[in-house]
Amino acid sequence: MPRKKTYKTPRGTKDILPEEQKYWQFIFSKAESFYKSSGFQRIFTPVFEEEELFARSIGGGTDIVKKEMYTFRDKSGNRLALRPEGTAGIIRAYIEHGMHTLPQPVKLYYIEPFFRYERPQEGRQRQFWQFGFEIIGDCHPIIDAQGVLLAWQSYKELGLSGLSLQINSIGCVKCHPRFRKILQDYYKKRKEDLCSNCRRRISVNPLRILDCKQKKCQKLTKNAPQIIDNLCNDCHEHFKLVLEYLDETNLPYNLNPHLVRGLDYYTKTVFEFWYKEEGSQNALGGGGRYDNLVSDLGGKSTCAFGFSAGIDRIVLNLKQQKIPIPRKKPVYVFVAQLGESAKKKSLALLEKLWQENIGATCALSKDNIKSQLKQASKQDIPITLILGQKEIIDGTIIIRNMREGIQEVVSQERLIEELKKRLM
Ligand code: HAM
C-alpha cells in the first residue's frame with residue numbers, strides 16, 4: 001500500500017510544544033503585567049492589512065517590503081499582506097478610530113505574531129513573536145528617554161542581563177536629503193568595495209549601507225560621514241536632551257553612529273538592544289521616534305515613539321543564560337479514584353478544587369490505583385486525594401502526602417480547609 005503523505009511546519013515556522021510553553025507564558029505574562037502597570041492599554045490589530053499600508057509606512061525601498069512580505073490577493077482581488085511588524089497597523093487603528101480625540105499621549109501595547117519571508121536560522125523565523133508598545137501624541141524628548149527605559153525594564157523584568165543599549169539619531173526630513181547626498185558622494189567613490197546589495201542601496205537607501213553586516217561594507221563605513229554631525233538644530237537639540245535625560249538613569253548606553261534601523265518611518269532617536277556586541281541575530285529589540293507616520297498615513301501631524309522586542313530571541317537568551325522560570329500555579333493535587341461511583345464523584349471534586357483555585361489534575365479513565373499514584377509521583381505532585389467505595393459511603397477522603405508516603409483520612413466537608421493548611 002502506498003504510504004500516506006505526512007506534513008511538516010512550513011520552513012521558518014515552528015510548533016511551540018508543551019515543554020517550551022513555560023518560557024512563552026513567562027514572557028507573555030511579564031510583558032502584560034509590566035506594560036499594564038505602567039499605564040498602557042492592550043491592542044489587537046488584524047494579522048493582515050492592505051499591502052499598501054506597509055509600503056507607505058515601512059518604505060517601498062526597504063528589504064522588509066521589497067523582499068520579505070507575504071502578499072496575496074483575496075477572492076475579491078484586494079491586495080493584502082501578512083503584517084511584517086506592528087507599528088503600521090496600530091497607527092492605522094489610531095487614525096481610523098479617531099484616537100487623537102483621547103487624552104494624549106495614547107499608550108498602547110501588544111504581544112503578537114508577525115511574518116517576514118527571511119532566510120531562517122537560529123533566532124530568525126518567518127513567523128516570529130514580538131511584544132512592544134507605542135506612545136502616540138507626544139513630541140517631548142523625555143518621552144524618548146522614558147520609552148528606552150521602559151524597553152530596558154521589560155528585559156530586566158525577565159531577568160535578562162548582558163544586553164547593551166545602542167542609540168543614535170537619524171534626524172528628520174529636514175536633515176535627510178542633505179545627509180543622503182553626503183553619504184551617496186562618499187560611497188559612490190568607493191562603489192567597487194561595496195557588496196552588491198549596498199551598491200543598489202546607494203541610490204535607493206544609502207543610510208542602510210551604514211548597518212550592512214558584510215565585512216567589506218563595514219570596513220568602508222568605519223570612516224563614513226556620521227549623521228550625528230549633520231543634524232539640523234532642532235534634531236541636534238532633541239538628541240542632546242534625550243541623552244541628558246538618560247544620564248539621569250542608571251542605564252548605560254552606547255552611542256552608535258551606524259545604527260539606522262531597517263524601517264523608513266523613523267525620525268530622530270533610534271535604538272536597539274543587543275546581546276553581546278557581535279553576531280547578526282543579536283538584536284533582541286529596537287524602536288525609536290517616528291513623528292511623520294501618523295500624517296503620512298492620512299492623520300493629523302502627530303509625534304510618536306515605540307519599541308518592540310523579539311520574543312523568539314528572548315526565549316533563546318533565557319535558555320542560554322539559564323534563567324530559572326518560575327512555575328505558574330503549579331498542580332498541587334492529583335485526584336485518584338477507585339470504582340465507578342468514585343469516578344463519578346471525582347468530577348464534582350475537581351470542580352470544587354478548581355473553584356477554590358487549587359491546581360488539580362487526574363487520570364479519570366484509569367481504574368488501577370497503583371498506576372494513578374505512579375502518574376502523580378512522575379509529575380511530582382505533592383498531594384494525592386484518594387476516593388474509593390468506602391470513602392464515598394463514609395463521606396471521607398484520603399489525603400496522601402506523596403513525598404513522605406503518609407496518608408490521613410478527613411471528612412469531605414473539611415477537605416478544602418485541610419488542603420489549604422497543607423498548601424499555603
Ligand atoms: P524590528 O527591529 O524590525 O522593529 O523588530 C524588532 C525585533 O523583532 C528585532 O530586534 C528582533 O528581535 C525581532 N525580529 C525581527 N525579525 C525577526 C525574525 N525574522 N525572527 C525573529 N525575530 C525577529 C520593528 O518591528 C518595529 N515595529 C519596532 C517599533 C515599534 N518601532 C516603533 N515602534
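Analyst: Let's start with a term: a residue is buried under 20% relative accessible area, exposed over 50%, and partly exposed in between (1.4 Å probe, protein chains only). Keep in mind that this is a predicted model, where local features need pLDDT of at least 70, side-chain atom pairs count only at pLDDT 80 or more, and totals for chains, interfaces and linings use all residues. Residues are numbered from 1 along each chain as its sequence is written, and side-chain values use heavy atoms, with hydrogens and water left out.

Now for the sulfurs. If we call a pair of cysteine sulfur atoms within 2.5 Å a disulfide, the count here is one. Its partners are Cys139 and Cys303, with 1.9 Å from S to S. The torsion about their S-S bond is about 85 degrees, so this disulfide is right-handed. It ties together distant parts of the chain, since its two ends sit 164 residues apart. Cys139 is in the loop between E6 and helix H5 (141–157), while Cys303 is in the loop between helix H10 (293–296) and E11. (Helices, H or I with at least four residues, and strands, E with at least two, are DSSP runs numbered from the N terminus.)

How covered are the two ends? Cys139 has 44% relative accessibility, so it's partly exposed, whereas Cys303, at 12%, is buried.

What about Cys175? Its closest cysteine sulfur belongs to Cys232, 3.6 Å away, which is too far for a bond. Cys175 is also buried, at 3% relative accessibility. Cys362, at 24%, counts as partly exposed.
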